[in-house]
Amino acid sequence: MDLTHFHLLLNHFPTIGTIIGLGLFLMALLGKSNELKEASLVVFLGIALLTIPTYITGNAAEEKICGPIPPNAPAAAACTVPGGASKAMIGEHETAAMYALGFMEITGAFAWLGIWQLRRRSHLPAWNAAVILGLSLFTFAVVAKAANLGGEIRHPEIRASQPYSGFPASTQTSAQPVPLSRQVGSFIVSTKWVWPTCETLHFIGLSLLFGVAALIDLRMLGMFTSIPYRALHRLLPWGILGFGLNAITGMIFFIGAPGQYTTNPAFHWKMIMMLLAGINVVYFTLFDEPWDLKAGDKAPLLAKAVAATALFLVLGVLYCGRMLPFLGTAF
């Protein structure tokens, strides 16, 4: 079992999950139900987290079929898949998946912001609801396109009757078209300022995430008991900003050089712990146990367990990220 099997397991979640989240959100708006709004936002956030490994394992599946993916690689038709699909079709699917990943993560970010506002203000601001509705509708369209293109790779019976045309004229050369995703990858690795800028933002994100996580987790574990949780809760957006910076810059690194990550066990563990840490953030945003803590109160056992786990996961993400060249094959 390898990452290709995980891609086959995960690749339906973004599409189906977006449909479920969008349906719940529309019902919540029509019924003016904060409970349904909260449920739909949690679905959007969960699907945004699952879309990351879905995209990563998709690149691993491509490498399994056609070998490593160098930057600016032409979509040579010589690499074929059973059923007659070409590397060009895989490249178009990769490009659509890149767009789907971007819009899904933006939707997830606004969904988390909505959860945070529901907790602090007991209602979802109209502007946030409108943004989430618009983003989710557009995200569904993009994700559905990526899913359809992925299905066409192995299911020739659902392809359009007309011959496959590769890519739009703006992205083709006279001989071999280059997928937009690989053009972006080439820009990332060949432009001198992109990688170091992203590294700087990545470390800023790590500092924000670790700083906020450490304060909240240590408060749950019995330190800083004079501080009520409501005061620390105000810091959560900064922690989420750090998480977002890490996710964005990390995916930029991955798009630039996927080959050094898909076979790297340290990267696999880093992604697993990062996703689990993201789930822990939902607990501290959503549930009542930490929220009810006043100055001098001790956290309940469940809150302590979640805090200890979250602290371990954040430290694990830091460790695995640092060990990418030593435990794996990066750089």
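How do the residues of the lining of the largest cavity divide into nonpolar, polar and charged? Let's look at this predicted model and find out.

## The largest cavity

The lining is made up of 11 nonpolar residues, 2 polar residues and 1 charged residue.

In total, the model has 3 cavities of 30 Å³ or more.

## Helices around the cavity

Which helices each supply at least two residues of this lining? They are helix 7 (194-220), helix 9 (236-256), helix 11 (265-286) and helix 13 (301-322). Helix 7 gives the most to the lining of the largest cavity, contributing 5 residues.

## A pair of packed helices

Now let's turn to another part of the chain. Helix 3 covers residues 34-66, while helix 4 covers residues 87-121. These two helices pack with their axes 8 Å apart, at an angle of about 155 degrees. Angles over 145 degrees count as roughly antiparallel, and helix 3 and helix 4 are therefore roughly antiparallel to each other.

Where helix 3 passes helix 4, the crossing is left-handed. What kinds of residues form the contact of helix 3 with helix 4? There are 19 nonpolar residues, along with 6 polar and 6 charged ones.

Technical notes. Residues numbered from 1 in each chain as written. Predicted model: local features only at pLDDT ≥ 70, side-chain atom pairs only at ≥ 80, totals over all residues. Heavy atoms only, no water. Axes fitted to C-alpha atoms, helices over the stretch in contact; angles between N-to-C directions. Helix = DSSP H or I, 4+ residues; strand = E, 2+ residues; numbered from the N terminus. Parallel < 35°, antiparallel > 145°, perpendicular 65-115°, else oblique. Left-handed = near helix turned anticlockwise from the far one by under 90°. Nonpolar A, V, L, I, M, F, W, Y, C, P; charged D, E, K, R; others polar. 1 Å grid on protein atoms, 1.4 Å probe; cavity = no way out; pocket = protein on both sides within 12 Å on 5 of 7 lines; lining within 4 Å. Points joined across faces, edges and corners; volume = space filled by probe spheres on them.
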